[in-house]
Amino acid sequence: MSKIYIIHENEEWTAHLTKRMNELELPYEEWHLDQGVVDLTEEPPEGVFYSRMSASSHTRGHRFAPEMTESVLAWLEQHNRTVFNGTRALRLEVSKVNQYTALTKAGIKTPQTIAAVGKENIMRAAEKLNAASFITKHNRAGKGLGVQLFHSVEALKHYVEGPEFDEPVDGITLIQEYIKAPEPFITRCEFVGGKFMYAVEVDTSEGFELCPADACQIGDLFCPIGEEVVEKPKFQIVQDFHDPIIEKYEAFLQANEISIAGIEFIRNSDGEIYTYDINTNTNYNNDAEEAAGQYGMLELAKFLGSELAKQNLNKNK
């Protein structure tokens with residue numbers, strides 16, 4: 001029997017989806033691709049395949065999971081299986097350089113960025129960027145890994161030459177202009193089936209660890225006002241979000257064969273939007289969704305279920 005195959009390397013991030021699959025009584029199977037075998041002499045099973053492979057897999061001890069997944073996705077695509085977030089999506093997931101070049105090609109503004117390998121070249125890149133403030137980040141990251149803010153090349157030098165320097169898993173460090181927002185938050189737009197679902201504001205006042213999954217929660221922020229303490233959630237869904245950037249994002253996702261994604265942007269003091277991250281294994285924050293009554297994993301499960309139903313219907317014709 002045809003079923004939905006979920007390709008991933010982290011059970012914590014997949015449990016919310018399989019819970020919705022069970023609620024909807026959808027047939028599914030998980031493929032955990034930290035290790036495995038791809039027999040190119042055989043045909044893959046029939047069904048619908050959805051990849052949730054993450055760029056941050058190496059932080060969980062799954063260093064070669066993306067490479068293994070790419071092999072599996074290539075095999076599935078060779079046999080014309082229905083694949084959501086296939087090889088093109090994975091290529092963007094594991095490389096911000098690929099993300100920025102693709103976004104720029106699509107006419108979507110990104111921060112000025114220079115990629116460098118080697119500590120001396122990181123310093124040269126910062127000097128060339130010549131920005132008053134800039135950040136470093138890993139090319140293959142996830143969860144804001146490797147993000148550091150600097151206000152001088154000298155400060156970067158102390159970091160790069162010191163014991164706290166965080167070596168990227170692929171060796172590529174990005175030097176990127178710092179976009180200063182008038183308020184400390186970024187916006188993440190969520191898409192399922194290539195269509196906009198909702199936008200969520202993420203408070204960045206505590207730092208750059210921006211993974212919305214419950215397993216990544218840093219905790220809520222508390223702001224004292226007089227003798228009272230007002231709780232401010234880190235993630236808040238924006239009701240009735242509208243902006244022309246959504247149309248551009250949807251066209252970008254279609255052009256790059258990405259069905260499920262979270263795209264993050266920041267506005268500068270002039271209101272200009274800079275897009276800086278695409279997450280093709282997107283997660284959703286439970287507290288924010290409960291407050292808004294919108295559920296990403298439910299919509300995702302419905303989408304995958306409808307695609308499986310279409311496939312089964314076409315086979316029976």
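**View 1. Here is the largest nonpolar core of this predicted model, with 52 residues.** A nonpolar core here is a set of buried Ala, Val, Leu, Ile, Met, Phe, Trp, Tyr and Cys residues joined through side-chain atoms within 4.5 Å. Buried means under 20% relative accessible area, exposed means over 50%, and partly exposed is in between (1.4 Å probe, protein chains only). The residues with the most contacts inside this core are L17, M21, C189, Y249, F252, L300 and L304. Helix α9, residues 296-316, gives the most to the core, with 6 residues. Helices (H or I, at least four residues) and strands (E, at least two) are DSSP runs, numbered from the N terminus.

View 2. Contact means heavy atoms within 4.5 Å. If you leave aside neighbours within four places in sequence, L300 touches L17, Y50, V192 and I260. There's also a second, separate core of 16 residues, and L33, A55, M68 and L73 are among them.

**View 3. This one pairs K310 with N85.** K310 sits in helix α9 and counts as partly exposed, at 47% relative accessibility. N85 is buried, with a relative accessible area of 2%, and is found in the loop between β4 (82-84) and α3 (87-93). The two are 225 residues apart in sequence and 18 Å apart in space, C-alpha to C-alpha. Look at the backbone of N85 too: its phi is near 60°, a positive value in a residue other than glycine.

**View 4. E257 is another non-glycine residue with a positive phi, near 55°.** You'll find E257 in the loop between α7 (245-255) and β14 (261-267). E257 is exposed, with a relative accessible area of 58%.

**View 5. Stepping back, the chain has 9 helices and 15 strands.** The radius of gyration is 20 Å, close to the 20 Å that the globule rule gives for 317 residues, so the chain is as compact as a globular protein of that length. That radius is taken over C-alpha atoms, and the rule is 2.2 Å times the number of residues to the power 0.38. Of the 317 residues, 50% count as buried.

**Notes.** Residues are numbered from 1 along each chain as its sequence is written, and side-chain values use heavy atoms, with hydrogens and water left out. Since the model is predicted, local features need pLDDT of at least 70 and side-chain atom pairs count only at pLDDT 80 or more, while totals for chains, interfaces and linings use all residues.
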